[in-house]
Amino acid sequence: MQRSSPLLAKSFARKIQLHYSRNQIPTIDSPSCDVFLSHRGIDTKKTAAGLLYYQLFGLGIRPFLDSRSMKPGDKLYDHISLRVRNSKIGVLLFSSGFCQSRFCLYELALMMESKKRVVPIFWDVKPSQLLVKDDGIYLKEDLQRFNWALEEAKNTVGLPFDSMTGDWSEFLGNASDAIIKNLQEVEEEEMEKNLKHQEFQCNSLFMSPQNLYSYN
């Protein structure tokens, strides 16, 4: 497999940033989405997160990316909470600065607490390097919440990627495949759940005293 040199990788990243600065990525303005992309903007917004957003959108999947799916005036925590809870799956784009962002930790905790299916991506970072530092800025309860959520995510099979030596096209393909597979499984589970609910309602209606009397 051909690998990119560090210089080529940096050059490619700069070209991506230039592309996104000149060409507006389609936006989605809807309270529900298929995939919530959680990321540290300063680390990955113009590279990995932007690439994934555009890739998923092109595949007919509705992704959420804060810079593309929110508008001035939106309440940050309220909007993010709504989108996380209404999404089908979450993508956790872990980077070296992910755990330094309160918003990232908040999104992570929401996903884990709502038992959302997640696809972790370890972008230039190893799971063992991800730590929530106690700098005195979080309440004890929040610190415990974030640490628990982080451990849950780290114990989920993810996709590692080194942006300096990795194959970017291979990364996009593997990430898209993993996201699509998880979406399909979630939709199948939801369909089965709905069918069981409908069956239960039909049985309850059939066994109601009024219907039983009509059959006698």
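Helix α4 passes helix α5 in a right-handed crossing, where a crossing is called right-handed if the near helix is turned clockwise from the far one by less than a right angle, and left-handed if anticlockwise. The structure is a predicted model, in which local features need pLDDT of at least 70 and side-chain atom pairs count only at pLDDT 80 or more, whereas totals for chains, interfaces and linings use all residues. Residues are numbered from 1 along each chain as its sequence is written, and side-chain values use heavy atoms, with hydrogens and water left out.

Two packed helices are described by the angle between their axes and the distance between the axes. For α4 (residues 76-86) and α5 (residues 102-113), the angle is about 35° and the axes are 10 Å apart; axes are lines fitted to C-alpha atoms, for helices over the stretch in contact, and angles run from 0 to 180 degrees between N-to-C directions. On the α4 side, Leu-76, Tyr-77, Ile-80, Ser-81, Val-84 and Arg-85 take part, and they meet Arg-102, Phe-103, Tyr-106, Glu-107, Leu-110 and Met-111 of α5, contact being defined as heavy atoms within 4.5 Å. The residues of this contact comprise eight nonpolar, one polar and three charged, with Ala, Val, Leu, Ile, Met, Phe, Trp, Tyr, Cys and Pro counted as nonpolar, Asp, Glu, Lys and Arg as charged, and the others, Gly among them, as polar.

The protein as a whole contains eight helices and five strands, taken as DSSP runs numbered from the N terminus (helices H or I, at least four residues; strands E, at least two). Along the sequence these elements follow the pattern α-β-α-β-α-α-β-α-β-α-β-α-α. The five strands form an open sheet with parallel pairing, in the order β2-β1-β3-β4-β5, two strands being paired if DSSP finds at least two bridges between them. Because β2 (63-64) and β5 (159-161) stand at the edges with a single partner strand each, one side of each is left without a neighbour in the sheet.

Within the sheet, β1 (residues 33-39) and β3 (residues 87-94) pair in the parallel sense over six bridges, and Val-35 has Ile-89 of β3 as its bridge partner. Helix α5 packs on the sheet, where it touches β1, β3 and β4 (117-123), and its direction makes about 140° with that of β1. Strands β3 and β4 likewise pair in the parallel sense, over six bridges, with Gly-90 opposite Val-118 in β4. Six of the seven residues of β4 are buried, so this strand is largely enclosed by the rest of the structure; buried means under 20% relative accessible area, exposed over 50%, and partly exposed in between (1.4 Å probe, protein chains only).

Ser-87, which lies in strand β3, is buried, with a relative accessible area of 6%. Leaving aside neighbours within four places in sequence, Ser-87 is in contact with Cys-33, Asp-34, Phe-36 and Lys-116. The C-alpha atoms of Ser-87 and Cys-33 are separated by 4.9 Å, although the two residues are 54 residues apart along the chain. Trp-168, placed in helix α7 (residues 168-206), also counts as buried, at 8% relative accessibility, and its C-alpha atom is 9.7 Å from that of Leu-51, 117 residues away in sequence.

Over the whole protein, 42% of the 216 residues count as buried. Among contacts between residues at least 6 apart in sequence, 81% join residues at least 24 apart.
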